[in-house]
Amino acid sequence: MDPLEQQLREAFSQIPFGEGSVMDQDVIYSLAIEGNRAEAMLIVEQEHESLIEQTAKAVHEVLMQVEGIAEVGIQVVDSLEEAQAAEKEAKSAEACGCGSPAGSCESAAPKQAQGASQNPHPSRTANPAPPQAVNYLGEYEFIILVASGKGGVGKSTTAVNLALALKSLGKSVSLLDADIYGPSLPTMMGARGEFPEIIGQAIQPMSRHGIEFMSMGSLVDEEEAMIWRGPMAHQAVEQMLRDTTWPGGDYMIIDLPPGTGDVQITLAQKTRATGAVVVCTPQDVALMDARKAINMFDKVSIPTLGIVENMSFFKCPGCGEETPIFSTGGAEKEAGAQEVPFLGKIPIELNIRRCGDEGTPIVAAYPEAESSKSFITMAKKLDEILKGA
Ligand code: ADP
């Protein structure tokens, strides 16, 4: 037996699960190691639901201890059928790490069906293929990740208003709230407290202001989503991607969680993202975070399509004087330094906050407002960049 396989089998035997261990209870359905990334799929049946978090965490820890592993993705499903279905869906895209065509190798085979024990199959390829994207999102011409290095800079506000601005240009647009730690789309889209229709396993996206959208905040209690971390967050995002019946169209706008961690990387890799839009405020500390976000996208080969400077200035409604509360122009400079397009500045406006809280974003409520015009100009720029104009 490969020494790594032996090491993992031993480690998994130490993780308690039900009457035995993760190893002897056949919790691990598949495990693939590719380069510095490990991906495991666990089967935890409903009766053991309360063990999901601790088990996923323990498996995550074991894998992170393997030399050379820097990232671990854990997916938890509740039955063998679901594991097989997830695997089938991922088939050609989920590179298994053994070098065989995906879906045909040993690790991909549904061993439990034959009553055999699980094979964690941790062999590495000499030349691992880069992880490929799973087309969970259906048919969109462009999939745009809206990101920020840190929270509170107006990422969700930008995602929502950019979506509406694209819509006002005649595009068909969907919106996914992947900010599972602080899902704000239900509020901003005017659907707080409403639940999507679920037919079988399929979640029907909700619709507001001419945009189909889905948010974890519409599926679970907002406070519950806030406490998810690591593996649970991965699983939640993955399920939301996989199980929503997206209509397809011109644009899918994804509101990413703030920061540059595992969930962001998973999403970037799983969604065939066309590119990213990075939102920041003008002061130096925010720009440093924006730089980190751009670097993260570079590492996963996703182009940064542009930087947006939010809260650039406050224009006095009385005298019209512009005050750069958080400084101004920093993001434009940074865009120049990073050689990425600058998409525009959004002023601080009371109505941006108010309209967001009331569920009709400013571009829908006041299309003539200065900020709405900025969002629309930004949408045109983005569309031109993407069309190569
Ligand atoms: P993030 O997604 O980066 O955490 P949000 O988009 O949720 O940030 O914005 C945080 C808060 O700031 C929200 O209440 C939002 O309405 C408000 N906000 C964002 N941008 C502006 C702006 N340009 N002017 C006024 N309020 C804003």
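1. In this predicted model, the ligand sits in the second largest pocket, a space of about 420 Å³.

2. As for secondary structure, at least two residues of the pocket lining come from each of α4, α5 (185-188), β14, β16 and α11. The largest share of that lining is supplied by α11, with four residues.

3. The shell around the ligand holds 16 residues, of which Gly-152, Lys-155, Ser-156, Thr-157 and Pro-347 come nearest to the ligand. Its composition by class is seven nonpolar, six polar and three charged residues. The elements that each give at least two residues to this shell are α4 (155-168), β14 (304-315), β16 (342-348) and α11 (350-358).

4. A backbone N or O atom of Gly-152 is placed 2.8 Å from an oxygen atom of the ligand, and a polar backbone atom of Ser-156 lies 2.8 Å from an oxygen atom of the ligand.

5. Asn-310, by contrast, uses its side chain, a polar atom of which lies 2.9 Å from a nitrogen atom of the ligand. The ligand taken alone would expose 560 Å², and 81% of that area is buried by the protein.

6. A reader going back to the structure may wish to ask which element supplies the largest share of the lining of the second largest pocket. That element is α11, with four residues, and α11 is also one of the elements that supply at least two residues of the shell around the ligand.

Definitions and conventions: Residues numbered from 1 in each chain as written. Predicted model: local features only at pLDDT ≥ 70, side-chain atom pairs only at ≥ 80, totals over all residues. Heavy atoms only, no water. Near = heavy atom within 4 Å. Polar contact = N/O pair within 3.5 Å; in protein donor to acceptor, adjacent residues only side chain to side chain. Areas by Shrake-Rupley, 256 points an atom, 1.4 Å probe, with all protein chains shown as cover. 1 Å grid on protein atoms, 1.4 Å probe; cavity = no way out; pocket = protein on both sides within 12 Å on 5 of 7 lines; lining within 4 Å. Sits in = over half its atoms within 2 Å of the grid points. Nonpolar A, V, L, I, M, F, W, Y, C, P; charged D, E, K, R; others polar. Points joined across faces, edges and corners; volume = space filled by probe spheres on them.
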